[in-house]
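Please read it alongside the model.

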Amino acid sequence: MHTTVKGRSTTEDDITAEVLRRFEGTPDVRLREIVFALVRHLHGFVKDVNLTEAEWFSAIQFLTGTGQLCDDKRQEFILLSDTLGVSMVVDLMNHRKPEGATESTVFGPFHREGAREMPPGGNIAPRDDGGSPMMISGRVLDLSGRPIAGARLDVWQADSSGLYDSQYADRDELHMRGLFRTDSDGRYLVRTVRPVHYAIPNDGPVGQMLRATNRHPWRPAHVHFVVSADGFEPVTTHIFDDTDPYLESDTVFAVKDSLICHFVRHDARDDASQRLAIEPPFYTVDFDFVLKPRA
Ligand SMILES: [Fe+2]
């Protein structure tokens, strides 16, 4: 039942209809579609759970806190999106890759602009003394398996303490980040340290949410990549360690089987490690990135 007095809305359903009516004049068709669905779902959600005023105000405080924690080094909203699984739903809908192309995963909140361009074998972890040395190598290929020369790899990861450079309050310089190019055979080589699993920042609203819902904050060990080349769709992805205990329960839902790799342990020197002056024990991992042509 609904009644209106002098044209004013009196029930919650009247309000939903009236809000939608006010948005009818939105000139951009896509914006109109999005705002209509947003209002319908948001009002529907509030009605579904019979939201109390106290709960509404808690939500306002939660979102306020999330925004207040964001600055050029901390992105609590991306973390919220990631831990609610929203980032991966968006990823999966937008990157349905053809057979053979490298799958994408979350971008995450820790990418920073300004990483240095490095030669093949460049060390992105020069100040990480605690980590086990690791070499990541492979090729960037097209869907037919032809090498892509001059492809760009933007690489970043947490250090062997499980922290990104931006999480150290007393440091401003970039660390554990680098830009690499493939050679004429499509090959790349990155020197780093073996990644470790880490807890996402949990001293803010996202951490509060995880604790209140009995969820853990851990992400399995991984290295981030954005791989791009002229004429191809860039891919934002990770490689994961196949021995990690959190592969099945990544707190941001980002693991895909095709991105799980085996990090091989070496206890003796070989040519490559000798050339890069890497002392055993060290690890190697080989991973080929396959790009699909730009639509
Ligand atoms: Fe990460």
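By class, which residues does the lining of the largest cavity have? Seven are nonpolar, one is polar and two are charged.

## Basis

This is a predicted model: local features need pLDDT of at least 70, side-chain atom pairs count only at pLDDT 80 or more, and totals for chains, interfaces and linings use all residues. Residues are numbered from 1 along each chain as its sequence is written, and side-chain values use heavy atoms, with hydrogens and water left out.

## Cavity

The structure holds one cavity of 30 Å³ or more. The largest cavity has a volume of about 40 Å³. Its lining consists of Leu79, Asp82, Val106, Gly108, Pro109, Phe110, Tyr198, Ile200, Arg219 and Val252.

Some terms apply here and below. On a 1 Å grid over the protein atoms alone, a cavity is a set of points where a 1.4 Å probe fits but cannot get out; a pocket is an open set with protein on both sides within 12 Å along at least five of seven lines; lining residues have an atom within 4 Å of a point. Grid points are joined across faces, edges and corners, and a volume is the space filled by probe spheres set on the points. Ala, Val, Leu, Ile, Met, Phe, Trp, Tyr, Cys and Pro count as nonpolar, Asp, Glu, Lys and Arg as charged, and the others, Gly among them, as polar.

The largest pocket holds about 720 Å³ of space. It is lined by 17 residues, and Leu38, Leu42, Phe45, Val46 and Leu63 are the closest to its centre. Helix H2 (29–48) and H3 are the elements that give two or more residues to this lining. H2 supplies the largest share, eight residues. By class, the lining of the largest pocket has eleven nonpolar, four polar and two charged residues.

The second largest pocket holds about 150 Å³. Of its 14 lining residues, Asp72, Gln75, Pro109, Phe110 and His111 are the closest to the centre. This lining divides into four nonpolar, four polar and six charged residues. Pro109 and Phe110 also line the largest cavity.

## Helix contacts

Helices (H or I, at least four residues) and strands (E, at least two) are DSSP runs, numbered from the N terminus. Axes are lines fitted to C-alpha atoms, for helices over the stretch in contact, with angles from 0 to 180 degrees between N-to-C directions. Helix H3 (residues 53–68) and helix H6 (residues 205–212) have axes that come within 9 Å and cross at roughly 135°. That makes H3 oblique to H6 (under 35 degrees is roughly parallel, over 145 roughly antiparallel, 65 to 115 roughly perpendicular, the rest oblique). Phe62, Gly65 and Thr66 in H3 meet Pro205, Gln208 and Met209 in H6 (heavy atoms within 4.5 Å). Three of the contact residues are nonpolar, three are polar and none is charged.

Helix H4 (residues 76–83) also comes within 9 Å of H6, axis to axis, and the two cross at roughly 25°. H4 is therefore roughly parallel to H6. Glu76, Leu79, Leu80 and Thr83 in H4 meet Pro205, Val206, Met209 and Leu210 in H6. This contact has six nonpolar, one polar and one charged residues.

## Sheet

Five strands form an open sheet in the order S3-S2-S7-S8-S9, with mixed pairing (strands pair if DSSP finds at least two bridges between them). Strand S3 (177–181) and strand S9 (260–261) stand at the edges, each with a single partner strand, so one side of each has no neighbour in the sheet.

Strand S7 (residues 222–228) and strand S8 (residues 235–241) pair in the antiparallel sense over six bridges. Phe225 has Thr237 in S8 as its bridge partner.
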